[in-house]
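Biologist: Please bring up the model and let me ask about a few residues.

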Amino acid sequence: MDHAPVAQSPIDDRDGLPPAVPAREFTDLGFGRVVAQQVRGRFLTHAGDPTSRKYGLGAQRIERFHLRALNAPLPVFLAWALGALLLLNGCFTLAYLALGDGALRGVDALGLSDPFLRAFSFSVGVFTTTGTGPVYPYGPTAHWLVVFESFFGPFVLVATGGLLVARLTRPHMRLRFSESAVVAPYEGGRGLMFRMVSVQPGELTDVQVRVSLTLYEETGDGRRERNFYPLALERTSVDLFTLHWTVVHPITAESPLRGVTPESLREAQAELLILVNAHEETFSTRVTARASYWWDEIRWDAKFASVFAASADGALAIDVERLDRLERLDPGATSVPAALEEPAVRAAAVGDGR
């Protein structure tokens, strides 16, 4: 009897497992390659805030207000909190005045002649539950207004206090990035650089950085598509971050920026996407920060000026105000591709041990 050939199974009979599928390397940072082609403009602001949006979730006003309250600078947060409390008490003051002169009794003992200040003092006492002294409401409407304010006031104070506590106990990393990135001379060639410094008193350790580059490039069929490239850095981490860090991507023959010029960078609508994570010692946890440089935020024919400063005791010191300072170079110093970016020259340099 003839037997039909048996199809070979893709399963390895030796271990009962299918052959391993090679892991696919994703460089689109999670945006998705198809979606990334439809995006115009930058993915992140210079401060690291996403430019993308989500629809279908409603206004989310409370959630957005909560995030703004947590991320606002402390003086701004305190000013807004004080202004909101004064505004709310002003509204209740107008409500008491609208009830007439007889709605509040005992106001003569306050020593205030202005009716608004009298009602405002009473409102603050009810709102903050600190007491109203000799002043008391008279009439059913005034009593109901006091009841409402006595519930509403403590709720607002507790919410404001909760936001303040959340701000003080939330681990975060405050990094200041240089205003611009630069293409500067580096080891006989060129390097793409930016600087960053921690501006919070707490110390950061085990700081790690990843930098990706997005470029529009011409395909074989004449289409323009956006590609993502992880950039190899001079160093990707530092153990101690007590001063500043100049992050450098050497532009070599293997770099996606080889042969780049200001015109080609503008044509490619290039963007640098930066992700930093570190260990924050105060709360003993990992924290992250983001930043971005658009093509027109990259300077050419320049290099960073020194940020080091003299100290009385001879200790290492920097002046953070100098973080953005640049020194101009001769025209064409870095806006013209370096010889080391040519594959043949790079191979010869490696062969000579340079």
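Biologist: Where does Pro 201 lie?
Modeller: This is a predicted model. Strand β5 covers 189-198 and β6 covers 204-218. Pro 201 lies in the loop between β5 and β6.

Biologist: Is Pro 201 buried or exposed?
Modeller: Exposed means over 50% relative accessible area. Pro 201 has 78%, so the residue counts as exposed.

Biologist: What separates the C-alpha atoms of Pro 201 and Arg 174?
Modeller: Along the chain, Pro 201 and Arg 174 are 27 residues apart. Their C-alpha atoms are separated by 9.6 Å.

Biologist: Is Asn 277 buried or exposed?
Modeller: Asn 277 sits in strand β10, residues 271-280. Buried means under 20% relative accessible area. Asn 277 has 14%, so the residue is buried.

Biologist: Which side chain makes a polar contact with that of Asn 277?
Modeller: Beyond four places in sequence, Asn 277 is in contact with several residues, including Asp 206, Gln 208 and Thr 288. The polar contact between side chains spans 2.3 Å, and the partner is Arg 286.

Biologist: How do the rings of Tyr 96 and Phe 122 pair?
Modeller: The structure holds 10 aromatic pairs. In this one, the ring centres are 5.2 Å apart and the planes stand at 80°. Planes over 60 degrees apart count as edge-to-face. Therefore the pair of Tyr 96 and Phe 122 is edge-to-face.

Biologist: Which helices does that pair of Tyr 96 and Phe 122 link?
Modeller: Tyr 96 and Phe 122 are 26 residues apart. Both are buried. Tyr 96 is in helix α3 and Phe 122 in helix α4.

How values were computed: Residues are numbered from 1 along each chain as its sequence is written. This is a predicted model: local features need pLDDT of at least 70, side-chain atom pairs count only at pLDDT 80 or more; totals for chains, interfaces and linings use all residues. Side-chain values use heavy atoms; hydrogens and water are left out. Helices (H or I, at least four residues) and strands (E, at least two) are DSSP runs, numbered from the N terminus. Buried means under 20% relative accessible area, exposed over 50%, partly exposed in between (1.4 Å probe, protein chains only). A polar contact is a pair of N or O atoms within 3.5 Å; within protein, one must be able to donate a hydrogen and the other to accept it, and residues adjacent in sequence count only if both atoms are side-chain atoms. Contact means heavy atoms within 4.5 Å. Rings of Phe, Tyr and Trp (its six-membered ring) pair if their centres lie within 6.5 Å; planes under 30 degrees apart count as stacked, over 60 as edge-to-face and the rest as tilted.
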